[in-house]
Amino acid sequence: MLKQCLAIMRREVFYLWRDKGLRHILLFGSILGLLLFYAIYSAQVLKDIPTAVVDLDNSGASRELVDKIGKAEYLKLVASVASYDDLQELIKQGKAVVGVVIPENFARDVALGRQTRVLAVIDGSNMIYATNASAALLTVTRTISAQAGVSALVARGVQLQQAKEAYQAIDFSEEPWFNPALNYAYFLVLALALNIWQQCCTLAACLNVIGERGMKSWLQIKASGISKFRFFASKSIAQVFIFMAIVLPLYILAFGVFKLPLNCSWPSFLLFTLAFAIAIHSIGTLASSFARNAVDAARFGMIIALPSFVLSGYTWPLEAMPYYLQRIARILPQTWFFQGLNYFAFKNAGWNLMSHYILAMLAVAAVCYGAAAIFIARS
């Protein structure tokens with residue numbers, strides 16, 4: 001029996017290798033994706049955000065403010081225009097992402113300790129730019145507001161040190177954990193590459209059953225007396241083995257060459273990945289078991305694989321989605337995998353949590369394989 005299973009597995013590896021198009025997709029799809037995404041996010045953090053200023057006061061104080069904006073860590077002063085309309089046109093044309101409008105009488109109000117309002121305009125059409133620009137402006141405005149407050153107290157006769165202590169009674173310090181540099185490459189690159197990998201694997205798994213039924217050898221296999229369970233179980237083991245074999249170079253490149261963070265152990269992370277490979281293979285096998293042809297099976301698999309990354313909660317919090325979408329997302333293995341990717345690669349959240357995620361993915365696999373077995377038995 002073991003020799004028979006091994007022969008089926010060798011046959012499956014041979015057939016997958018012989019399919020040149022599928023072979024190239026499986027071997028190179030995710031690795032090329034990793035190289036591409038790493039190149040895209042190689043800057044790590046977003047800097048030099050194009051910024052334009054409208055200085056309606058044109059005073060020493062306003063020019064000092066413009067100078068501080070130009071020297072801000074993540075902002076780049078690209079233009080100084082005369083009116084709000086000119087600023088609006090710059091942002092419409094994409095020449096500026098941030099606009100700062102300094103009002104008239106800015107210097108007078110600051111000198112008298114009055115509240116003055118500086119308008120900050122941010123192009124919200126690109127959320128990556130917008131969130132980073134907002135954070136950069138917040139840092140600048142905090143510094144300027146604190147300096148203005150201290151100056152106002154000094155003008156009233158308060159000693160400089162006392163003024164600083166009074167205005168900055170609470171000192172908030174920020175300390176990002178697990179990704180201190182807030183590096184986009186750490187957060188996105190591997191996840192995007194693994195999303196390509198899981199889509200390729202799902203596509204290959206969608207041929208598991210229907211790919212045999214469409215071949216002339218299917219009648220010979222049925223006539224040989226090999227049980228359907230043993231035959232497809234052997235095929236499935238071979239395919240999952242191939243899925244794991246093609247993800248290893250991806251991990252070596254990501255963790256070994258690009259030095260992306262992996263804070264849990266290699267064996268536990270590979271076990272976690274294996275559970276996911278089994279789960280997505282089960283979904284493809286289920287689609288393959290009831291589809292009328294290979295094209296329909298691929299369509300069913302892609303309907304699940306393509307949107308699953310967005311539904312997983314990796315890039316947008318699951319808790320912020322409508323309740324019915326949360327329920328759907330929790331039955332997809334992609335949700336457990338991509339959520340877990342963050343917990344284990346970044347945080348090393350521990351075996352107790354990892355085992356929970358692994359069991360969830362294996363439960364999905366058990367349901368899908370069980371349903372596929374029913375369809376296969378009826379064929």
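The model is predicted. The chain has 379 residues, of which 43% count as buried. Its secondary structure comes to 16 helices and 4 strands. Among contacts between residues at least 6 apart in sequence, 75% join residues at least 24 apart.

**The sheet**

- The 4 strands form an open sheet in the order S2-S1-S3-S4, and the pairing in this sheet is mixed.
- Strand S2 (75–81) and strand S4 (119–122) are the edge strands, each of which pairs on one side only.
- From one strand to the next, the twist averages 25°.
- Strand S1 (residues 49–55) and strand S3 (residues 98–102) run parallel and are joined by 5 bridges.
- Within this pairing, Ala52 stands opposite Gly99 in S3, and Val54 has Val101 in S3 as its bridge partner.
- S3 and S4 run antiparallel, with 4 bridges between them.
- In that pairing, Val100 stands opposite Ala120 in S4.
- In general, strands of a sheet pair through backbone hydrogen bonds, either parallel or antiparallel.

**Strand S3 and its two faces**

- S3 is mostly covered, as 5 of its 5 residues are buried.
- In a regular strand the side chains alternate between the two faces of the sheet.
- On one side of S3 are Val98, Val100 and Ile102, and on the other are Gly99 and Val101; these residues are all buried, and both faces of the strand are covered.

**Helices on the sheet**

- Helix H3 (residues 60–70) lies across S1, S2 and S3, and runs at about 175° to S1.
- Helix H4 (residues 84–92) also packs on the sheet, where it touches S1, S2, S3 and S4.
- The direction of helix H4 makes about 175° with that of S3.

**Regions listed in the record**

- The unreviewed UniProt entry lists residues 21–41, 184–210, 231–257, 269–290, 297–316 and 357–377 under "transmembrane region".
- In the model, residues 184–210 are 85% helix and 0% strand, and the end C-alpha atoms of this stretch are 41 Å apart.
- Residues 269–290 are 100% helix and 0% strand, with end C-alpha atoms 33 Å apart.

**Ser288**

- Ser288 is placed in helix H12 (residues 266–290).
- Ser288 counts as buried because its relative accessibility is 0%, under the 20% cut-off.
- The side chain of Ser288 reaches the backbone oxygen of Cys206 at 3.0 Å.

**Cysteines**

- The count of disulfides in the model comes to 0.
- Cys200 is in no disulfide: the nearest cysteine sulfur, that of Cys201, is 6.8 Å away, whereas a disulfide needs the two sulfur atoms within 2.5 Å.
- Cys200 has a relative accessible area of 11% and is therefore buried.
- Cys264 counts as buried too, with a relative accessibility of 8%.

Conventions: Residues are numbered from 1 along each chain as its sequence is written. This is a predicted model: local features need pLDDT of at least 70, side-chain atom pairs count only at pLDDT 80 or more; totals for chains, interfaces and linings use all residues. Side-chain values use heavy atoms; hydrogens and water are left out. Two strands pair if DSSP finds at least two bridges between them. Axes are lines fitted to C-alpha atoms, for helices over the stretch in contact, and angles run from 0 to 180 degrees between N-to-C directions. Contact means heavy atoms within 4.5 Å. Buried means under 20% relative accessible area, exposed over 50%, partly exposed in between (1.4 Å probe, protein chains only). UniProt positions are given in the numbering used here, feature names are shortened, and annotations may be inferred rather than shown by experiment. A polar contact is a pair of N or O atoms within 3.5 Å; within protein, one must be able to donate a hydrogen and the other to accept it, and residues adjacent in sequence count only if both atoms are side-chain atoms.
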